[in-house]
Amino acid sequence: MSLPVNQGTSSHVPAERRDVDVFRADEMALIQSVSVYGLIANAAAAALVSFALWRTAGPAHVLIWLACMLAAIALRYVLHRAYSRAQDSFKENTNWGGIIAGSNFLIGCAWGWIAFAFFSAFNPPHNVALLAGLAVAAVSAQTISPTRESLTALLGPALLPLMVRLVVIDPVGFIAPAL
């Protein structure tokens with residue numbers, strides 16, 4: 001079985017394209033080497049946010065969210081392990097970036113879900129916990145995102161629902177500083 005020209009180690013690949021592929025593979029390897037720490041930080045933040053929301057948000061909804069978040073983190077960890085065990089020729093495959101972006105999108109969606117569902121104008125203490133969790137996710141995003149695409153896939157769905165929620169809570173207060 002042969003790999004497509006843009007994904008393999010074929011000798012028919014132009015030198016410039018090969019250099020870009022090697023650079024991307026090196027970049028992916030560097031980020032993958034520290035991604036476990038970012039995943040641990042996300043799991044710890046999710047646990048702390050769950051603990052903070054337990055009484056006010058209801059245990060059933062919090063447990064469902066926590067299970068989804070931990071499943072997304074576990075999927076990303078499985079991908080990390082698969083990448084670290086893969087042969088070098090497979091590590092240079094350009095599909096890794098898309099696969100990682102998809103798993104980061106799931107983590108971002110879970111953070112976005114909690115922000116949209118539980119951020120409230122009436123409960124500032126648990127809003128602080130939510131914002132702290134989102135801050136950890138945003139800070140650790142670079143450690144689990146080897147490309148700009150995968151970083152966007154994580155931060156977009158994580159932060160956009162919070163911004164929508166803020167506009168719904170106080171449209172004038174949110175938009176006025178931008179003017």
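Helices (H or I, at least four residues) and strands (E, at least two) are DSSP runs, numbered from the N terminus. This is a predicted model, where local features need pLDDT of at least 70, side-chain atom pairs count only at pLDDT 80 or more, and totals for chains, interfaces and linings use all residues. Residues are numbered from 1 along each chain as its sequence is written, and side-chain values use heavy atoms, without hydrogens and water.

Q: What makes up the order of elements from the N terminus on?
A: The elements run α-α-α-α-α-α-α. The protein has seven helices and zero strands.

Q: How do you know that the span of α5 agrees with its 21 residues?
A: The expected span is 1.5 Å times one less than the number of residues. For α5 that gives 30 Å, and its end C-alpha atoms are 30 Å apart, so the two agree.

Q: What makes G156 a bend in α6?
A: A bend is the angle between axes fitted to the seven residues ending at a residue and the seven starting there. At G156 that angle is about 30°, and a proline, P157, follows within four residues. In α5, the bend at A138 is about 25°.

Q: Why is the charged end of R165 said to sit over the ring of F116?
A: The rule asks for NZ of Lys or CZ of Arg within 6 Å of the ring centre and within 35 degrees of the ring normal. The charged end of R165 lies 5.7 Å from the centre of the F116 ring and sits over it.
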